[in-house]
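User: I would like to learn how to read a structure like this one, feature by feature. Please show it first.

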There are 2 protein chains.
Amino acid sequence: MGALGIHHLGVAVDDLDRAVETYERLFGAAVEHRAVVPAQGVEAASLRVGDSRVELLLALGPETPVGRFVARRGPGMHHVAFAVADLPAELARLRAAGAELIDDEPRAGLFGLQVAFVHPEATGGVLAELVGDGRG
Amino acid sequence: MGALGIHHLGVAVDDLDRAVETYERLFGAAVEHRAVVPAQGVEAASLRVGDSRVELLLALGPETPVGRFVARRGPGMHHVAFAVADLPAELARLRAAGAELIDDEPRAGLFGLQVAFVHPEATGGVLAELVGDGRG
């Protein structure tokens, strides 16, 4: 039990086209998905950076989670997502360990992923996302 | 050219023992290195989390880079490090691309790594570190 590794780093941006171009130019990133997801209040781009992944998040308005984050802290790192083999089992384990969860059950994330967020209170200030491997 | 992937996520903490225990308990992390590094103003622990790595950073005082970060923003994600095959060549490429660098040349980082930091101004608010693979 535990995480398989970092699935992606989530980064809040204020200009998605420019951020994509910057990651392509500086780090050799390549876009794998890009979509407007009104239900989650973002336009998002998932980028491969070598064998890792960075998710760029543009708020669709100020009253969205990412919009409020950017208003408070500016663009920058927003969350880290860890891949897990069995998301429901990991959530049960974290609940039993007393960790404060934002999502008690897996829910639909971006790009077809099954995800759940752990509260920054549980991790020392880091918003952590768990991503199921498809079985969860 | 470009990054090989995420080498580690750097996280500023205000209690290193507690943070290590939290990452072990929640994410199955395992400490691979831990050291006090006065020259860099931190006590640091490098943790394996599955096939990824998280670096926990405790400031040795308020007038250190991590101490000032925590005073301003609280504990949380501090930087992301990307592995590169040839650090001097990547730095030359980034300079040519007009990216603002904190370190123009590779320098000694934590745990024997050769590193250089890219200014958050160049990346849309993300402090990015490049880590050489040992040849750099």
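User: How many residue pairs are in polar contact across the interface of chain B and chain A?

Analyst: First, the ground rules. This is a predicted model: local features need pLDDT of at least 70, side-chain atom pairs count only at pLDDT 80 or more, and totals for chains, interfaces and linings use all residues. Residues are numbered from 1 along each chain as its sequence is written, chains are lettered from A and ligands numbered from 1 in the order in which they are written, and side-chain values use heavy atoms, with hydrogens and water left out. Now the term. A polar contact is a pair of N or O atoms within 3.5 Å; within protein, one must be able to donate a hydrogen and the other to accept it, and residues adjacent in sequence count only if both atoms are side-chain atoms. Across the interface of chain B and chain A, the rule finds 13 such residue pairs, both residues at pLDDT 80 or more.

User: Which elements of chain B each supply at least two residues of the side that touches chain A?

Analyst: Helices (H or I, at least four residues) and strands (E, at least two) are DSSP runs, numbered from the N terminus. On chain B the list is β1, α1 (16-27), β4, β5, α3 (87-96), α4 (120-123) and β8. β5(B) gives the most, with six residues.

User: What area is buried between chain B and chain A?

Analyst: Buried area is the accessible area (1.4 Å probe) that two parts lose on being put together, summed over both. Here the value is about 3000 Å², and carbon and sulfur atoms give 64% of it. B:L26, B:F27 and B:M77 supply 22% of the area that chain B buries against chain A, more than any other three residues. Contact means heavy atoms within 4.5 Å. By that rule, 40 residues of chain B are in contact with 40 residues of chain A.

User: How many salt bridges does the rule find across the interface of chain B and chain A?

Analyst: A salt bridge is a side-chain nitrogen of Lys or Arg within 4 Å of a carboxyl oxygen of Asp or Glu. Across this interface the rule finds zero. Over all chains, the search finds 16. One of them joins the side chains of B:R53 and B:E32 at 2.6 Å, N to O. That pair links distant parts of the chain: B:R53 sits in strand β4 of chain B and B:E32 in strand β2 of chain B, 21 residues apart. In chain A, A:D17, A:R34 and A:E43 are linked in a network of salt bridges.

User: Is B:R53 buried or exposed?

Analyst: Buried means under 20% relative accessible area, exposed over 50%, partly exposed in between (1.4 Å probe, protein chains only). B:R53 has 18% relative accessibility, so it counts as buried.

User: Where does the pairing run parallel, and where antiparallel?

Analyst: β5 (residues 76-84) and β8 (residues 128-132) of chain B pair in the parallel sense over five bridges. β1(B) and β4(B) also run parallel, joined by five bridges. β3(B) and β4(B) pair in the antiparallel sense over eight bridges. These two form a hairpin with two residues between them, and B:G50 in the turn has a positive phi of about 60 degrees. Six of the eight residues of β4(B) are buried, so the strand is largely enclosed by the rest of the structure.

User: Which residues does the side chain of B:H8 reach by polar contact?

Analyst: B:H8 lies in strand β1 of chain B. Its side chain makes polar contacts with the side chains of B:H7 at 2.9 Å and B:E129 at 3.2 Å. B:H8 counts as buried because its relative accessibility is 0%. Not counting residues up to four places away in sequence, B:H8 touches residues including B:R53, B:E55 and B:H79.

Conventions
Two strands pair if DSSP finds at least two bridges between them.
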